[in-house]
Structures are given as C-alpha cells and as structure tokens.
Amino acid sequence: MEIKKIPVAPIGANCYIVSEKENAFIIDPGGDADCIIKATENLKVKGIMLTHTHFDHIGALNDLVQAFPGIEIEVPELESDWLFDPELNLSALFDGGFVFKGKVTKLLSDKAVENFLSGYKIHIIHTPGHTPGSTCFYINQSDDETADCKNPVLFSGDTLFRNSIGRTDFPGGDGRKIIESIKNKLLILPDETVVYPGHDENTSIAMEKKFNPFLKHYSVTS
Ligand SMILES: [Zn+2]
C-alpha cells in the first residue's frame, strides 16, 4: 500500500491518496484539485472518503467529481447535510461559502468496512468530538479490526494529532466526547499503528499514549 500526503490550500490540511497497485482512494480533498488530480495519474480512483465536512477537508470535491465521473463519495452519516450548508461546514466563515454540487453515494457508519484496495480492509470508526460525525479510517488486512496485522495505519482526521487533539469550539464540537472517542476507540489500536492526521506531522498510537498532553490521564498498561 502506498500513501501520498498532500497538504492543500486554503490552510494546509492533509489530503491523502491511498493506493494498492492501480487502485486508489482519496481522503479529505480540501483544495488544490489540480495537485490531487496530478498525484493520481496512472491510478484508478475508486472513491473519496471524508473524515468530516469542514471546509478545509472538502474544498476540492466539486472539481474532483468533474474529473472522476461516477466516483463514490463517502461521508460520515451525521454530516452529509453539512456539505450543502456553508454555516455548518464553516466555509461561510473562512472560505467564501462552499456548497457541494455532486451527490453523496454512501453514508459512513461506525464499524462499517470499505474495500477500495484489494487485500486491505478500511474500517470506519466513528469518533465524535471535533464534529458530531467525525470519523477515522483504520486500515489493516483483516475483517477484524483487532487482528494482529502488519503495518496498520490510521487516518485520524481532526480528531487526533501529534501531541494534540482537534478543536471542539466549532458548532457541534464536544470536548468530553473527543477524549472519550480517542481513549475508547483509537488508543486501543495496536501501538505500532502509524497515524496520519488531518493536519501536521504523522505520529503513532504508541507515541500519543506516551506523550500527548491531552491524554495524560490514560493509563498505559503495556
Ligand atoms: Zn475540522
């Protein structure tokens, strides 16, 4: 599996292109559609998955729907309406008012599994807190999220960052829920899981258990 990370306009959110052989999917195309399209040359792009629907994670959607007709658009089930509401997706405040002109083809719900890449399972983990629908994608090679697999990865959106966590002061944010989501649903993943967040640098589950100041009351048992 190959992962390309592209920090995109307007504020440098991380867009990811995840591929296995010729098949690929895109996570959080926040802007710079041209760069994203160029980075998918020679790949068969099957879908776009959103960790949540803030403006900086969705801004290139309209251009990508044009570039990849018939592509799957998969959105956390609690936020599909937000794509059409500039107040909720915050684009009214920061980026001129984004309204999605395409169609959502799949609502992502907790514990569902997506199969864009052969040999890999994309586990949908609902992690409310930054927004009500915030969702992480955990990829391993098993139908079982807890199975011991080689090189697991987590795309953590704006829920978990290196040494930090997502803001909870936007509409629908919840400071108690984000901590619960991280502790109960992310820190239980294998220590070696590489974490690809929605902003800034990669990290790992082990590093965040040890060093994340927002999670310092987590008791490390291993
Ligand atoms: Zn956000």
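What radius of gyration does the chain have, and which value would a compact globule of 222 residues have? In this predicted model, the chain has a radius of gyration of 16 Å, which agrees with the value near 17 Å that a compact globule with 222 residues would have. Along the principal axes, the C-alpha atoms fill a box of roughly 50 × 40 × 25 Å. Of the 222 residues, 42% count as buried. Among contacts between residues at least 6 apart in sequence, 56% join residues at least 24 apart. The secondary structure comprises five helices and 14 strands.

Glu20 stands opposite Asn23 in S3.

Glu20 itself is found in strand S2 and counts as partly exposed, because 16 C-beta neighbours lie inside 10 Å. When residues up to four places away in sequence are not counted, Glu20 touches Met1, Leu117, Ser118, Gly119 and Tyr120.

The loops around S2 hold two backbone features. Most residues other than glycine have a negative phi, and most peptide bonds are trans. The peptide bond from Ala9 to Pro10 is cis, with omega near 5°. Pro10 is placed in the loop between strand S1 (2-8) and strand S2 (13-20). Lys21, which is not a glycine, has a positive phi of about 50°. This residue, Lys21, is found in the loop between S2 and strand S3 (23-27). Lys21 counts as exposed because it has 12 C-beta neighbours inside 10 Å.

Six strands form a further open sheet, in the order S7-S8-S9-S10-S13-S14, and here too the pairing is mixed. Its edges are taken by strand S7 (113-114) and strand S14 (203-204), each with a single partner strand, so one side of each is left without a neighbour in the sheet. Three bridges connect strand S9 (residues 135-140) and strand S10 (residues 153-157), which pair in the antiparallel sense. Ile139 has Val153 in S10 as its bridge partner. In the loop between S9 and S10 lies Asn151, whose phi is near 50°, a positive value in a residue other than glycine. Asn151 counts as exposed because it has 12 C-beta neighbours inside 10 Å.

S10 is also joined to strand S13 (residues 194-197), by four bridges, and these two strands run parallel. Gly157 stands opposite Pro197 in S13. S13 in turn is joined to S14 by two bridges, and this pair runs antiparallel. Ser204 in S14 is the bridge partner of Val194. The two strands S13 and S14 form a hairpin with five residues between them, and Asp200 in the turn has a positive phi of about 65°.

Helix H4 (residues 175-186) has twelve residues and reaches 16 Å from its first C-alpha to its last, close to the 16 Å expected at 1.5 Å a residue. Which residues of H4 are buried? They are Ile178, Ser181, Ile182 and Leu186. Seen down the axis of H4, these buried residues fall within an arc of 90°, so they line one face of the helix. Arg176 and Asn184, on the other side of H4, are exposed. The buried residues of H4 pack against S9 and S10, and also against strand S11 (160-161), strand S12 (164-165) and helix H5 (205-211). S9 and S10 belong to the sheet ordered S7-S8-S9-S10-S13-S14, and H4 therefore places its buried residues, which line one face of the helix, against two strands of that sheet.

Technical notes
Residues numbered from 1 in each chain as written. Predicted model: local features only at pLDDT ≥ 70, side-chain atom pairs only at ≥ 80, totals over all residues. Rg over C-alpha atoms; globule rule 2.2 N^0.38 Å. Buried ≥ 20, exposed ≤ 12 C-beta atoms within 10 Å, placed from the backbone. Contact = placed C-beta atoms within 7 Å. Pairing = 2+ DSSP bridges. Expected span 1.5 Å × (residues − 1). Arc of directions from axis to C-beta.
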